[in-house]
Amino acid sequence: MHQFFVDSSQIGREYVTITGADVNHIRNVLRMQPGEEIRVSDRLGADYFCRITEVGESFVQADIVSRDEVGTELPSKIYLFQAIPKGDRMETVIEKAVELGVHEIIPVAMKFCVVRLDEKKAAVRVKKWQAQAESAAKQSKRSIIPAVHEVVSFREALALANQCDVRLVPYENEEGMAGTREALRRIMPGQSISIMIGPEGGFAPEEIAAARETMSSVSLGQRILRTDTAGICMMSMLMLQLECNRSEEQDGSIS
């Protein structure tokens, strides 16, 4: 079932009206016809199962069949502070992080980042990254399109990360997985979570020192992971923990 996002103003009591670029995609690429079912989200967390009734040149109308009460969002908002990697690896991080349930991605320019972006180049990259996030959100049936923030400095990133309830910084010199397991186990439903991922060249000494003052340093295992792998690994761990917690809570295992 294909997924589409609309503004809440396009959702009525009985039907949804889709406009913009998605009309061409539905009409000329997917070649969908009346009677086919789609999933529509209002970007705010409300999801609907709909059935197409009309495919026009500038709009698509679909009747609301039912509301998806379960949804696809994690019970906690995860903010991924990702040091900018070289090449197209940021696109991979964004795609996979969105699939895994990230709420927002904040690209960070750190001291040992290989890539240096001026303001103009950064704006172009962020626009491209946001399009990647939207594509991944549609593919993975997200209820929202995670925002890709403008590029920030490490100091700005740390200030933003410290606003979250749970603050994690994977660090290659941290030993043992017991601390990682305990940090994940302590996360309560609804708590906001920030993850600070270092660059290809590693955290500068002053950066990791500052991060460890306010964030919990955790290990991702005995192997050294690339910066793009580290972010995806941390997101996978969090998704598993949060989904398991939710399942146990629904089953009555957690009081």
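Val166 stands opposite Ile193 in strand S11 (residues 193-197). Strands are DSSP runs of E with at least two residues, helices are runs of H or I with at least four, and both are numbered from the N terminus. S10 (residues 166-170) and S11 run parallel and are joined by three bridges. Two strands count as paired if DSSP finds at least two bridges between them. The model is a predicted one, in which local features need pLDDT of at least 70, side-chain atom pairs count only at pLDDT 80 or more, and totals for chains, interfaces and linings use all residues. Residues are numbered from 1 along each chain as its sequence is written, and side-chain values use heavy atoms, with hydrogens and water left out.

S10 is mostly covered, with four of its five residues buried. Buried means under 20% relative accessible area, exposed over 50%, and partly exposed in between (1.4 Å probe, protein chains only). Leu168 touches residues that include Ala183, Ile193, Ile195, Met215, Met234 and Leu238, not counting residues up to four places away in sequence. Contact here means heavy atoms within 4.5 Å.

The largest nonpolar core has 37 residues. Such a core is a set of buried Ala, Val, Leu, Ile, Met, Phe, Trp, Tyr and Cys residues joined through side-chain atoms within 4.5 Å. Leu168, Met234 and Leu238 have the most contacts inside the largest core. Elements that give two or more residues to this core include S10, S11, helix H5 (178-185) and helix H7 (227-250). Another core, of 20 residues, lies apart from it, with Phe81, Leu158, Val169 and Met215 among its members.

Helices H2 (residues 89-100) and H3 (residues 119-139) pack at an angle of about 35 degrees, and their axes are 8 Å apart. Axes are lines fitted to C-alpha atoms, for helices over the stretch in contact, and angles run from 0 to 180 degrees between N-to-C directions. Among the H2 residues in the contact are Met90, Ile94 and Val98, and the H3 side includes Trp129, Ala133 and Ala136. By class, this contact has seven nonpolar, two polar and four charged residues. Ala, Val, Leu, Ile, Met, Phe, Trp, Tyr, Cys and Pro count as nonpolar, Asp, Glu, Lys and Arg as charged, and the others, Gly among them, as polar.

An open sheet is formed by five strands in the order S1-S3-S4-S5-S2, with mixed pairing. Its edge strands are S1 (2-5) and S2 (15-18). S3 (residues 37-41) and S4 (residues 47-55) pair in the antiparallel sense over five bridges.
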